[in-house]
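This report describes selected local features of one protein structure.

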Amino acid sequence: MATGADAALDDLRRELGEYVSTAAAVREQHGHDESGWPVMPPDAVVFAQDRAQVATAVTLCARHGVPVIPYGTGTAVEGHVQAVRGGVVIDLAGMDQVLRVSPEDMDCTVQAGVTRKQLNRHLRDTGLFFPVDPGADASIGGMAATRASGTNAVRYGTMAHNVLSLTAVLPDGRIIETGRRARKSSAGYDLAHLLIGAEGTLGVITDITLRLHGLPEAVSAAVCAFPSVDAAVQAASVTIQSGVPVARVELLDELQMRAINAYAGLDHAEAPHLFLEFHGSPAGVAEQAETTQAIAAEHGGTAFQWSTREEERNRLWQARHDAFPAAMQLRPGSLPVITDVCVPVSALAGCIARAQEDLVAMPVPGTIVGHVGDGNFHVILLCDPDSEEEHAAAKAFNQRLVEQALALDGTCTGEHGVGLGKRGFLAHEHGDAVEVMRAVKNALDPQGIMNPGKILPDPPSG
């Protein structure tokens with residue numbers, strides 16, 4: 001166990017009693033996310049029920065120098081929750097209350113364990129919704145911690161654009177609020193956006209005040225096949241540059257479409273496709289779909305279908321959200337390696353084309369899916385879990401792809417975060433700014449107990 005863990009565990013049991021578990025199965029469950037990183041179980045798990053319990057747990061861990069790892073739903077994909085140095089996981093799933101909704105102000109405050117689907121069910125009768133949709137039914141706290149985005153980001157932005165303020169427990173146990181409910185403020189440092197994307201390395205987010213959006217009067221969804229990935233990307237880029245306020249525009253390559261057809265019982269052509277969604281008035285969404293159809297046709301798009309019927313729209317988008325499990329069925333039992341780069345939209349077609357060329361020489365199958373409206377795409381590589389050669393090839397592929405994205409003034413991660421998986425690229429992307437990040441980390445967390453081993457690369461030796 002980590003230094004001081006025995007004493008910390010005694011204190012935690014005395015203060016929090018039944019909310020502390022050291023059962024092997026519980027520890028193992030909380031020692032991994034959806035990434036391919038191995039299980040690294042903590043020494044104990046605290047099932048926090050409120051902000052005060054989080055503060056108590058962090059205070060006691062700080063007293064004994066024991067690591068603290070916040071845990072939401074475990075749906076991250078870059079090794080965010082592995083207890084690389086042991087310690088205590090704080091599971092926030094029990095903090096699942098929607099604390100306040102203000103329809104007139106179009107905002108709400110929720111506890112960190114509330115999931116995005118739960119929140120939208122709660123908002124159903126208000127005429128409002130929360131648009132950030134990373135695919136998984138992630139917790140709002142986890143989405144803030146990883147600066148999540150997803151399919152709606154091209155129109156509604158990421159978590160960074162939709163969080164108004166946070167309440168968080170700092171590494172010494174203090175509870176702070178980063179702001180008020182005002183829609184804008186020039187008062188002091190922007191601490192909310194310091195914690196958003198910090199992946200639990202600066203504190204534990206316990207409550208989040210969110211910006212809400214009005215449900216659109218009408219929604220239409222469309223799907224269109226293209227002769228090549230390049231043609232699909234070009235059509236998406238021209239659509240956005242033409243001012244069409246598209247809400248979602250997703251790319252799936254031919255192998256991914258084959259997988260989705262098999263998984264969801266669909267009959268789309270096995271060719272690259274764009275999945276699109278439009279929000280607005282009935283006349284507006286019809287006009288947007290017609291404009292996009294004309295642009296698609298100019299780029300070789302065929303079989304353009306669109307619908308405003310909710311059942312058909314949900315079926316279409318469920319197929320897109322099932323892209324990952326569908327891809328996994330191409331090679332059952334495989335170990336997925338998922339890339340996540342983002343480049344300027346003008347560079348996207350070239351970046352994807354080079355990734356496709358690289359895939360041809362790979363010893364493993366790989367599919368491409370992307371939020372092409374904002375330049376973000378993923379390659380899902382399916383490796384034999386027992387093959388060191390395949391895993392090394394996938395790692396080398398990811399390295400080449402990230403280096404290519406950075407050369408195009410892009411980023412090593414558009415939405416998955418850094419965790420364990422992308423630490424090695426941070427210095428290349430941010431240069432001397434990494435030392436500024438390290439200075440912030442050291443100032444707020446001098447003991448280095450908050451989710452250690454994540455985001456920041458190891459400091460230079462000597």
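V169 stands opposite I175 in β9. The model is predicted, and local features need pLDDT of at least 70, side-chain atom pairs count only at pLDDT 80 or more, and totals for chains, interfaces and linings use all residues. Residues are numbered from 1 along each chain as its sequence is written, and side-chain values use heavy atoms, without hydrogens and water.

Strands (E, at least two residues) and helices (H or I, at least four) are DSSP runs numbered from the N terminus. Two strands pair if DSSP finds at least two bridges between them. β8 and β9 (residues 175–177) pair in the antiparallel sense over three bridges. Their hairpin has five residues between the strands, and G173 takes a positive phi near 95 degrees there. β8 also runs antiparallel to β10, with six bridges joining them; V163 has L210 of β10 as its bridge partner.

Buried means under 20% relative accessible area, exposed over 50%, and partly exposed in between (1.4 Å probe, protein chains only). Seven of the seven residues of β8 (residues 163–169) are buried, so the strand is largely enclosed by the rest of the structure.

With a disulfide taken as a pair of cysteine sulfur atoms within 2.5 Å, the count is zero. C383 is in no disulfide.

T201 lies in the loop between α8 (191–195) and β10 (204–211). T201 is buried, at 7% relative accessible area.
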